[in-house]
Amino acid sequence: MGGGLAGLTASLFSGAPVFEAEDHSGGVAASDKVNGFTFDRGIHVLQTKNAEVLNLFEEIGIKFAIRERSAYIYAFGKYTAYPFQINSTNLPIFHRIKCVLDYLQREKNPEPKNYENWIRREIGNGFADTFLIPYSEKFWVSIRDR
C-alpha cells in the first residue's frame, strides 16, 4: 500500500505496512515545490461530514482549512465555473445543446464496467467528452508518468 489517504487508512485499521515510493506521504493529495512555487499533485479536498472520519483525522493531528471554492475550467477560449455540468453557458451553443441532450439520454449508455462507462452513464457523452474524460486522462496520466 502506498502512503496516500487510502493506504494510510487501510494501514491504520489493518496494521499492514505502508510502502511509499516518495520520501513523504500524501499520495495525490501531496504538493511539490519547484522554484518557489507549489504545485498540487491532485485534489486537496475532503468532502465529508462523517463524524468518525473527522474525529479520526483530529485524533492523528491532521488540521483542515475551510475554503470557499473558486474554480474555473478553461475551454473553448473562455473560463467556465466549476462544476462544469451546471455552468455550461460559456460553451459554444452546439456543445451546450449536445451536452444537455446527451445528459437527458444518459441512461441509454451501457451499464458501467469501468470508470469511463460510469462517467458516461452519470453525466452523458457530451459532458464526458467535453470535460470529464479529458480532465481524468490529464490528471491520471500525469500521475502515472511521475
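These notebook entries record what I looked up about salt bridges in this predicted model.

**Entry 1: the count.** I started with the total, taking a side-chain nitrogen of Lys or Arg within 4 Å of a carboxyl oxygen of Asp or Glu as the rule. By this rule I have four salt bridges.

**Entry 2: Lys-98 and Asp-102.** I found a salt bridge between Lys-98 and Asp-102, with the closest N and O atoms 2.6 Å apart. I then looked up where the two residues sit. Both belong to helix H3, which covers residues 93–104. Because they are four residues apart there, about one helical turn separates them. Next I checked accessibility. Lys-98 is partly exposed, at 35% relative accessibility. Asp-102 has 16%, and I note it as buried because that label applies under 20%.

**Entry 3: Glu-111 and Arg-121.** Here I noted a salt bridge between the side chains, at 3.0 Å from N to O. The pair links distant parts of the chain, 10 residues apart. Glu-111 lies in the loop between H3 and helix H4 (115–144), while Arg-121 lies in helix H4. For Glu-111 I wrote down a relative accessible area of 55%, so this residue is exposed.

**Entry 4: Arg-120 and Asp-129.** I looked up Arg-120 and found a salt bridge to Asp-129, the closest N and O atoms being 2.7 Å apart. Is Arg-120 buried or exposed? Arg-120 counts as buried, at 17% relative accessibility. Asp-129, at 41%, counts as partly exposed.

How values were computed
Residues numbered from 1 in each chain as written. Predicted model: local features only at pLDDT ≥ 70, side-chain atom pairs only at ≥ 80, totals over all residues. Heavy atoms only, no water. Helix = DSSP H or I, 4+ residues; strand = E, 2+ residues; numbered from the N terminus. Buried < 20%, exposed > 50% of the residue type's maximum accessible area, 1.4 Å probe, protein only.
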